[in-house]
Amino acid sequence: MSDLLQAATMVFTWEVMLIILAASLFGLFMGAIPGLTATMATALLVPVTFFMEPLPAIAAIVSATAMAIVAGDIPGALLRIPGTPASAVYTEEAYAMGKQGKVGLALGLNVTCSMIGGVIGVLILAFFAPRIAEFAIQFTSDEYFWLALLGLSCAILVSGSDPLKGGISMLAGLVIAMVGMDSVSGQMRFTFGNYDLLAGISILPVLIGLFAISELIRRMPETRNTAPLVPPVIKRPFEGVGAALWKYKGGVVRGGALGTVIGALPGAGADIASWISYAVSRKLSKTPEKFGKGHPEGLVSASSANNASLSGAYIPALVFGIPGDTVTAIIIGVLMTKGITPGPDVFVDQAPLVNAIFMVFVLANLLLLPLGFMAIRGARHILSIPTGILFPLILMFCIVGAFAANNAMFDIWIMLGIGLVGFFMAENDFPVGPMILAVILGPIVESNFMRSILKSNGDLTAFVDRPIAMVLAIAAVAVWTMIIVNGVKAGRRVPQTPASELPQDA
């Protein structure tokens, strides 16, 4: 009880409450602009959190992310343009409801179900995370090595239909993680005689470059279009939401639980959670033929799942230090810059902080309702900002943020270079998730591998001589087997060009 009271004292201060409100408004603005994702909002917040204490920093990121995903539903319903990838699955559904004169109901269901799904996710997080941490406190470097390796593997498995591209993305991230001086042997790796690379590549310019700069480059042609978007007027928001919620209450709860479980898988994230939840809802529906034509049943389930997955992603992040998605990868980076290493020890050494994080989650989700209502009312003004004004402002924030990490111009060049890499990856359908997870998990895999090797005097069987390590090793091998099998099947599905259509020699 004393830990809870101490956590409440940490959360209910003017500083934290104002940060939650300001970050929510920032997330609302970013999510409502089509193409500006919740991850990009988080990456832009990181430089600001650099000057905050750990709890306000996490509160800012949690609030902005939750609000950005909800706000991403607004352009989807009004303009048929999803604001974030997590909103894409039910954009057609919400837009069709708008054409039937039910846009207020569609957006009301988005906001309300996101709030309920988020609260479900927090309850599951608060109940299970401490218990898993009690179990995980017995882990040694052997278990952490396999666990981090399993996280990397799962990131490839769920990253898309092409495991090869997922693997290449992961290897690129591992190369970035290896740059600098090896902490064990002192060997220089990929520094090319450059003094600035001795300490390695800072995570902050990598995150901003990969998520913000690459997106700005992709959308650069839009700056020529100075004509603002003209969304329709929203009348009577939230009308009929109560009756629809009661009718589809099972789907809302199922979406929240499913989203939390999927969010806990490394690399899955809110977009995969919403897609799977929508598909399950359609499969179990008595009227599947109505899906895609303005039917609220799939919309409530997917809306609940995408926000619940945010809480689920914090289970592996807080308990094991393994990021569940790109947002938690950023948060782990933020905590490390403040001298806090996520893991089971945090639940013992920093119990009030962990409880305070749970409270922040609840507050951020409860705020979705009033701020979501405000966002729906103000959507016309937000969507009317010309991209020619918006994008240069975002670029300025990116440059300031990358420079602020180490006060070094070199980080700005790193950010721009990584941004070009991210642009190339996005244009060629390479998933970004495995790359950023590799940047975070690569050092964890390496340090625990070296620690186990040194304590066992080079005996590799020591990696599997403990029961938990053996189970994790089998799971990792099983995941890699699935990746290889899926890759072979995908290769066989590539259509072969008939011999008659091959070019003939002149």
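Analyst: Thr260 counts as buried, because its relative accessibility is 1% and the cut-off for buried is under 20%. Keep in mind that this is a predicted model.

User: Where is Thr260 found in the chain's helices?

Analyst: Thr260 belongs to helix H12, which covers residues 249-263.

User: Which residues does Thr260 touch, leaving out those up to four places away in sequence?

Analyst: Thr260 touches Gly121, Ile124, Ala308, Ser309 and Gly312. The side chain of Thr260 also reaches the backbone oxygen of Gly256, at 2.7 Å.

User: How much of the protein chain counts as buried?

Analyst: Of its 506 residues, 54% count as buried. The chain has 23 helices and two strands. Among contacts with a separation of 6 or more, 79% are between residues 24 or more positions apart.

User: Now the cavities. What shows where empty space is left?

Analyst: Rolling a probe the size of a water molecule over the atoms shows where empty space is left. In this model the count is two cavities of 30 Å³ or more.

User: What volume does the largest cavity have, and which residues line it?

Analyst: The volume of the largest cavity is about 70 Å³. Its lining consists of Val62, Thr65, Ala66, Asn307, Leu310, Tyr314, Val327, Phe361, Ala364 and Asn365.

User: How do the residues lining the largest cavity divide into nonpolar, polar and charged?

Analyst: Seven are nonpolar, three are polar and none is charged.

User: Which residues line the second largest cavity?

Analyst: Leu318, Leu335, Ile340, Pro342, Val346, Leu353, Val354 and Ile357 line the second largest cavity, which has a volume of about 40 Å³. H18 gives the largest share of this lining, three residues.

User: What classes of residue are in the lining of the second largest cavity?

Analyst: The lining of the second largest cavity has eight nonpolar residues, with no polar and no charged ones. For the largest cavity, recall, the lining includes three polar residues.

Terms used: Residues are numbered from 1 along each chain as its sequence is written. This is a predicted model: local features need pLDDT of at least 70, side-chain atom pairs count only at pLDDT 80 or more; totals for chains, interfaces and linings use all residues. Side-chain values use heavy atoms; hydrogens and water are left out. On a 1 Å grid over the protein atoms alone, a cavity is a set of points where a 1.4 Å probe fits but cannot get out, and a pocket is an open set with protein on both sides within 12 Å along at least five of seven lines; lining residues have an atom within 4 Å of a point. Grid points are joined across faces, edges and corners, and a volume is the space filled by probe spheres set on the points. Ala, Val, Leu, Ile, Met, Phe, Trp, Tyr, Cys and Pro count as nonpolar, Asp, Glu, Lys and Arg as charged, and the others, Gly among them, as polar. Helices (H or I, at least four residues) and strands (E, at least two) are DSSP runs, numbered from the N terminus. Buried means under 20% relative accessible area, exposed over 50%, partly exposed in between (1.4 Å probe, protein chains only). Contact means heavy atoms within 4.5 Å. A polar contact is a pair of N or O atoms within 3.5 Å; within protein, one must be able to donate a hydrogen and the other to accept it, and residues adjacent in sequence count only if both atoms are side-chain atoms.
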